[in-house]
Amino acid sequence: ISKASDTPLGSLALGATNVELARFNFVAAGEAVKVSSLAAKLTCSLSPATTTIKNVKLYVDGSQIGSTDSSVLCDGSDAVAGLGSLSNSLIINAGQTRVVSIKADLTQTAAEPAALDTIMASLVAGTDNYTRMTAGTTGSTTGQDGNALTLRSGTITVTKNVSVPDGSVNNPTGVVGGTEVKVGSFAVNAGLGEAVDVTQLVIKDTAGTFDNNYSNLKLKDSAG
């Protein structure tokens, strides 16, 4: 068992559902094996011990196995339920790699988990939880941690575009009667957690004479 090279890294969107928290590769060598059960846990770095993560579940190659645990404490001690009897859903043939993912909802309850908290999903070492299909003997899966991922809310920041200088009497940025004159420029940046859709912008003149000085106002993005 190893952490997959394409396991999630960096940030996750707080409030998103069915989010992949970690991805692991299961490889069988020599003969096929059947994994009868797995154990998993979640650990949050900043939230209180009472913080819970909702609808935690495991997937194999994109299909859910076991049942969904509706609420898991994110303190590293609460085992994810529903993984104790996997039946025949995780058989790995000799030389085959199967991908096991842990997914969950990152919705908040009483403001927890909080933005900037980190969450790590882990597989816990098992005990006699797989069977060698030819030899008939059993073995125990090893534990493996995913990456620590930062939870971020969908926010934006607006700043003045410093590449457009301020105008002055001695250095005007436009002339009276000019057309297609750029009267302001701003940088709008999304946070690291997720994309945002801006549906409205409000523009005003700090001098309070906006309507008297401009006509044919229009808004353009960086594409023109």
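Biologist: What makes the link of Cys-44 and Cys-74 right-handed?
Modeller: The link of Cys-44 and Cys-74 has 85° about the S-S bond and is right-handed. This is a predicted model, where local features need pLDDT of at least 70, side-chain atom pairs count only at pLDDT 80 or more, and totals for chains, interfaces and linings use all residues. Residues are numbered from 1 along each chain as its sequence is written, and side-chain values use heavy atoms, with hydrogens and water left out.

Biologist: Why is the pair of Cys-44 and Cys-74 called a disulfide?
Modeller: The sulfur atoms of Cys-44 and Cys-74 are 2.0 Å apart, and a disulfide is a pair of cysteine sulfur atoms within 2.5 Å, so the term applies.

Biologist: Why is Cys-74 called buried?
Modeller: Buried means under 20% relative accessible area, exposed over 50%, and partly exposed in between (1.4 Å probe, protein chains only). Cys-74 has 2% relative accessibility, so Cys-74 counts as buried. Cys-44, at 9%, counts as buried too.

Biologist: How do you know that Asp-6 and Arg-23 meet in a salt bridge?
Modeller: Their N to O distance is 2.7 Å; a salt bridge is a side-chain nitrogen of Lys or Arg within 4 Å of a carboxyl oxygen of Asp or Glu, so the pair qualifies. Asp-6 is partly exposed at 47% relative accessibility.

Biologist: What makes Lys-103 count as sitting over the ring of Tyr-59?
Modeller: The charged end of Lys-103 is 4.4 Å from the ring centre of Tyr-59. The rule asks for NZ of Lys or CZ of Arg within 6 Å of the ring centre and within 35 degrees of the ring normal.
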